[in-house]
Amino acid sequence: MSNSILSVAGLSKCFGERELFFDLSFGLEKGQKMALVAKNGEGKTTLLELLSGNQQADSGQVIWRNELKIAYLKQDTSYKKGTTIRDFFYEKSGGLADIIREYQQSLNSPENHDVMQRAIDKMHQVNAWDYQSKIEKLLTVFELDLNDWDTEIEILSGGQKKRLALIQCLLLEADVFILDEPTNHLDVNMISWLEEYLSAPQITLFMVTHDRYFLNAVCDQILEIERGKGFKYSGDYEYFLEKKAERIEAESAEIDRARNTYRKEIEWMRRMPKARGTKSKSRIERFGEIESKSQSKKEDKNLQLGIKSERIGGKILEFHKLSKNYGKLKIIEQFSYVFKKGDKIGIAGKNGVGKTTFLNMIMGLEPPTSGKIIRGDTVMFGYYTQDGMPLKEDQRVIECVKSIAEIIPLEKGKKITAAQMLERFLFSRNQQYDYVSKLSGGEKKRFHLLTVLMKNPNFLILDEPTNDLDIKSIQVLEEFLLEFPGCLIIVSHDRSFMDRLAKHIFHFKGNGEIKDFNGTYSELLEKESNLKINEPKKEKTPSAKKDNFTNRLSYMEEREFKQLEIEIESLEDKRDRLYQLLNSGNEQADQLHQTSLELSEVLSNIELKTARWMELAERAE
């Protein structure tokens with residue numbers, strides 16, 4: 001039997017006059033993990049929408065094997081107003097929500113044994129215990145401490161919403177996962193866990209990601225869309241880079257040959273007599289083909305970031321015994337550092353340890369609790385935030401830029417207009433007059449980067465700049481930042497991006513502690529990993545066990561555990577009474593038969609409940 005689960009044939013999609021891709025064909029087999037690579041605006045998210053059935057192609061077919069369960073993680077997930085965390089987790093779980101809710105209600109009336117028993121039996125039948133346990137495990141992995149499941153999702157942060165959507169996706173245990181930027185808003189520990197999970201041989205995956213380390217570790221197939229055409233490579237990201245370089249070289253050689261032939265053909269066409277014979281006609285037809293090929297030198301439009309930056313003085317940025325806390329929560333404690341010219345520093349640490357708070361303090365958006373921040377007089381900050389800039393959706397792109405500046409100074413005294421600046425950031429003249437609401441997530445990020453750089457900063461602060469950017473744009477941004485003469489602070493979970501740019505890390509360890517580490521992000525992770533391996537193993541205390549999600553009982557399970565003890569004890573008393581009746585010799589034959597049947601049912605219940613009790617007891621120790 002064929003392992004093919006997806007066949008895409010002749011797929012084309014346009015938006016107005018803009019052709020995203022045409023005649024796109026590829027397949028996906030069970031267990032394969034394919035990454036989609038393309039620039040922003042070339043149709044990555046649109047293709048995912050087509051594969052998931054949320055949009056229709058202009059032509060071509062998307063054929064999935066029958067009876068497949070497909071889980072789709074969107075880049076931006078929307079929620080109905082009033083949706084609670086509980087509603088969200090159980091909306092795609094079939095009838096599990098009603099069964100678990102019935103069981104929870106039965107715990108409020110433990111004296112009603114029959115109602116509780118029916119609820120427990122239903123939980124067993126659909127394996128609801130397992131589903132509940134998986135939710136709690138994933139909440140722990142993705143560090144979502146959600147005690148109140150009746151909390152409405154709309155009050156959560158963007159990162160929490162994205163992680164909730166990822167958890168819901170993983171809970172489906174689908175045959176195929178379609179994931180759009182799954183590592184956004186994840187710290188390195190979460191990314192490592194997801195990397196291992198998705199690498200399992202039984203998982204089939206079609207994914208868009210900008211994280212090159214993650215892509216290289218997980219995927220064994222690459223589909224590239226370039227200038228509307230699809231190119232498939234069987235191998236990891238390193239293999240893709242090698243083969244793409246070979247393809248570009250071969251194309252360039254072919255185009256150069258076509259150009260030489262084209263010049264000769266032009267000379268021949270000009271010398272041709274007006275009367276054309278059969279041989280001449282065939283040569284004219286061939287001329288059309290050569291002309292097309294010779295002019296097909298691809299426009300490899302890349303981001304251009306040659307922006308002027310003002311000179312920076314001797315005094316740049318200094319922290320003197322800097323501290324920040326919210327009540328008892330320590331963010332920074334007694335941290336000191338003096339920036340030198342050309343410092344490029346990465347900031348690492350788990351989500352929620354205060355990295356963004358630290359950046360906001362530098363920018364004067366949050367005051368320190370104690371200590372000093374001294375900023376040099378010549379320092380001009382450029383601050384790229386996770387949330388981006390507030391954009392008026394009903395304003396045209398060109399109008400947004402002109403509201404900041406109509407003329408932008410470049411290096412060596414050159415100047416460009418707002419329209420030219422937009423072209424450098426890959427916004428065509430037509431696109432410049434589109435409304436902001438039409439921009440994709442990646443295009444809005446690129447637009448935000450433009451507004452930061454056009455102010456000519458000499459100290460850049462970038463908070464997760466690679467989220468939603470395509471890989472090519474990230475590579476261009478890397479090259480620009482490597483040559484950037486000013487100072488740089490980067491917060492990013494993109495290991496490749498951090499390794500190339502930052503040779504010095506501020507490691508936020510939590511509880512106010514910041515370690516000043518001289519080395520790359522990967523070297524820091526390796527050092528931390530070795531420290532964990534070599535640290536002496538501690539005896540597990542009851543409190544330590546509770547911190548481990550594999551040994552922790554939920555509130556529901558704790559109540560069930562206590563109730564099972566009562567029920568097993570009651571059943572054992574009943575068992576003993578039935579044994580006494582059977583051994584008394586006072587019962588008639590029909591009574592003996594009835595007592596034996598009752599005893600058999602009681603013994604079966606004891607066995608079932610004891611097995612469940614032992615399962616919970618093992619984790620409750």
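The questions below concern this predicted model.

Q: Why is Leu-144 called buried?
A: Buried means under 20% relative accessible area. Leu-144 has 5% relative accessibility, and therefore counts as buried.

Q: What makes the pairing of Glu-224 with Lys-244 a salt bridge?
A: The criterion is a side-chain nitrogen of Lys or Arg within 4 Å of a carboxyl oxygen of Asp or Glu. The closest N and O atoms of Glu-224 and Lys-244 are 2.7 Å apart, and the pair forms a salt bridge.

Q: Why are Glu-226 and Arg-247 described as a salt bridge?
A: Their side chains meet at 3.3 Å, N to O, and the cut-off is 4 Å. Glu-226 and Arg-247 belong to a network of salt bridges that also includes Glu-224, Arg-227 and Lys-244.

Q: Why does Lys-444 count as partly exposed?
A: Partly exposed lies between the limits of under 20% for buried and over 50% for exposed. Lys-444 is at 26% relative accessibility, and therefore counts as partly exposed. The side chain of Lys-444 meets that of Glu-393 in a salt bridge (3.4 Å, N to O).

Q: What makes helix H15 largely enclosed by the rest of the structure?
A: Of the 13 residues of H15, 11 are buried, so the helix is largely enclosed. Among them are Phe-447, His-448 and Leu-449.

Methods: Residues are numbered from 1 along each chain as its sequence is written. This is a predicted model: local features need pLDDT of at least 70, side-chain atom pairs count only at pLDDT 80 or more; totals for chains, interfaces and linings use all residues. Side-chain values use heavy atoms; hydrogens and water are left out. Buried means under 20% relative accessible area, exposed over 50%, partly exposed in between (1.4 Å probe, protein chains only). Helices (H or I, at least four residues) and strands (E, at least two) are DSSP runs, numbered from the N terminus.
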